[in-house]
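Subject: Handover of a structure, with notes

Dear colleague,

Please find the structure below, followed by my notes on what was found in it.

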Amino acid sequence: GAILMRARMAGHAFGALLAITAVALIGGTAWNLRSVEVPSAVAMPTGVALEAGATAPDLQLERVGGDSLALADLRGKVVVATFWATWSESSRQQLRALQKLQAGYANQDVVIIALNLDREREGVAQDVEQLGLHIPVLFATVADQLRYRASVIPTLYVIDGAGKIRHQHTGFLPGVEATLTRQIDALLGATSGQRTMD
């Protein structure tokens, strides 16, 4: 009986420790969220994508290299924008695919931009160089991510010349370039058969 009693007491003590740990973690997470500057009108991602036809939230972000770029300045062009992070291998794979895709649209009204979500900026430029990226890489924030409801990294948006979101791709699937080519060509008014991928 004494052994059973000690086992029960140990179980209660362990349960109490778990409860205290959970409270500490939740409290720490709440504190971290409070320290992030998020506009009051922004809701946390719910997994509900921005509907096709919704206006893409405008962003004016600093670019790796020092200057800045505003999404509004790209009106009239088809924009492919992806939220990515250096720690995400699928992001890196997607960026390589997008780099190849951009090369196929040289001298056309198509702009591909990469919106980086790393907290520490120091390593981003090194990653951009390592990946050999020539597409604009911009420093985005959690608030920007929330405005786009990008709950998965990477998440990619195809935006038409009027600034409307037409397509959204969550995560990375090999071969997505073919799908993006069809979507971009349709927005450019071209037929998908007029361009072939290398």
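Throughout these notes, contact means heavy atoms within 4.5 Å, while helices (H or I, at least four residues) and strands (E, at least two) are DSSP runs numbered from the N terminus. This is a predicted model, in which local features need pLDDT of at least 70 and side-chain atom pairs count only at pLDDT 80 or more, whereas totals for chains, interfaces and linings use all residues. Residues are numbered from 1 along each chain as its sequence is written, and side-chain values use heavy atoms, with hydrogens and water left out.

I begin with the sheet. Five strands make up an open, mixed sheet in the order β5-β4-β3-β6-β7, where two strands pair if DSSP finds at least two bridges between them. β5 and β7 are the edge strands, and because each has a single partner strand, one side of each is left without a neighbour in the sheet. β4 and β5 run parallel and are joined by three bridges; L115 has L138 in β5 as its bridge partner.

Next come two helices. The 15 residues of α2 (residues 89-103) should span 21 Å at 1.5 Å a residue, and the end C-alpha atoms of α2 are 22 Å apart, which agrees; the expected span is 1.5 Å times one less than the number of residues. After α5 comes G189, with a positive phi near 85°.

As for the interior, a nonpolar core is a set of buried Ala, Val, Leu, Ile, Met, Phe, Trp, Tyr and Cys residues joined through side-chain atoms within 4.5 Å. The largest such core has 24 residues, of which L95, L98, L101, V137, L180 and I184 touch the most other members. Two or more residues each come from β3, α2, β4, α3, β5 (137-139), β6 and α5, and the largest share, four residues, is that of α2. Another core, of 23 residues, lies apart from it and has L50, F83, L138 and Y157 among its members. Leaving aside neighbours within four places in sequence, L98 is in contact with V80, T82, I112, L156 and L180.

With best regards

Terms used
Buried means under 20% relative accessible area, exposed over 50%, partly exposed in between (1.4 Å probe, protein chains only).
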